[in-house]
Amino acid sequence: MDSLWRETVKLPRFEPLEGDFTTDVLVIGGGLAGLLCADQLTRAGVDCALVEAERLCGGATQNTTAKITVQHGLIYDKLIREFGADKARLYLEANQRALDQYLKLCQGLDCDLEEKDAFIYSRTSRKKIDRELAALERLGAGAEFADNLPLPFQVAGAVKFGRQAQFHPLKFAAAIAGRLNIFEHTKVLELMPGKAVTTGGTVSANNIIVATHFPVLNKHGGYFIKLYQHRSYVLALENAPDVQGMYLDEAKTGLSFRNYGSWLLLGGGSHRTGKGGGGWQELEAFARQYYPQARIAARWAAQDCMTLDGVPYIGQYAKNTSGLYVAAGFNKWGMTSSMVAALLLTDCMLKRNNPWAQVFAPNRTVLRPQLAVHGWESAASLLTPTVPRCPHMGCALKYNPQEHSWDCPCHGSRFQEDGKLIDNPATDDKRM
């Protein structure tokens, strides 16, 4: 079933590329990150073009819950411990700037933007909440403690950020796409220094930005080591309460809540792609217990790229790839992270110094605890003697009975039952 966003908007269509051409900057990928990069560059007077292999916003963007917030779980205490207060403050600053830029851009646009308070709650640990609040006080952020939430269960406490935002992501995308130079159904077949060979012709560019959810170039950057993917699930419920804000459990398997119009969006059931998890069944059981009068109006699933340390990779693709840049690994916070990427990479293209670059640099260390977990999952899948296998790097695919798909537990590629590619990093269909 399509997401509520896809059901309630019609995106503009663009012709495929036909022939060779030259531009200053080529953006690869027509999700929100790619669109925002192209939009910011165009606003800055840079000659820019965007190519998309299928249709605009056909991947992660159409399946988001569309929360625009600087509050990315209980992240700031973790950032201070692992990177220091200065870098944690820069991360906060970058995302606050992204939120402010959305509020500015959305003025006058029909994208259902609403300012809402955001909450990260814990059902079991007041201590975690207190640690995060202490970290935010150290960074000078205006967060507050809350414990009386309009949710159908008690919480130990929550971190509240006031005046965050939510919107209709595809209405926003449709509004900004019309002023951009876009080619749909134009798949990149090969990347070379200063060139991208596509199904419609060769694009020459001084700089190329890869904004394809999972980076498509394997031989540089080691992203197959640095990234893995998670799936999460959403129900749009009718006849359910208005919770008057945006809420997320700090627990990895917890639930999220936000309203859009007359619907309550209930999210959760998450798991590593290719592994088992609660899925829609978990959400349906919760809705039956706590919202017995509600009716399911829509359901969909999201796929998110996760980094080893919880911070996106935004910057030069690899040390030896001058002129090639990446925006990936948004850790389920794609709205603000996409805007951070657009602002940071625009500065890169214009040769302007940006203090955020040191925080998001893709070449930072991979020696993080999650590396061992990711490595174990990948090795186990590679050594599993079953078929079918993923064409990306040969891992054994696992059947997903809830979504009737074949999923890769190594890097998150997904395929329909007949082998047609659904999600990258694989670039081709799988022969079943």
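Strands are DSSP runs of E with at least two residues, and helices are runs of H or I with at least four, both numbered from the N terminus. The model is predicted: local features need pLDDT of at least 70, side-chain atom pairs count only at pLDDT 80 or more, and totals for chains, interfaces and linings use all residues. Residues are numbered from 1 along each chain as its sequence is written, and side-chain values use heavy atoms, without hydrogens and water.

Strand β10 gives the largest share of the lining of the second largest pocket, 3 residues. A pocket is an open set of points on a 1 Å grid over the protein atoms alone, where a 1.4 Å probe fits, with protein on both sides within 12 Å along at least five of seven lines; lining residues have an atom within 4 Å of a point. In total, 15 residues line this pocket. Met192, Pro193, Gly194, Thr321 and Leu324 lie nearest its centre. Two or more lining residues come from each of β8 (188-192) and β10 (201-210).

Aromatic pairs number 20. Rings of Phe, Tyr and Trp (its six-membered ring) pair if their centres lie within 6.5 Å; planes under 30 degrees apart are stacked, over 60 edge-to-face, and the rest tilted. Trp5 and Tyr260 pair edge-to-face, 5.1 Å centre to centre, with 70 degrees between the planes. Trp5 belongs to helix α1 (residues 4-7) and Tyr260 to strand β13 (residues 256-260), 255 residues apart. Ring pairs also link Tyr121, Phe153, Phe257, Phe286, Tyr290 and Tyr291 into a cluster.
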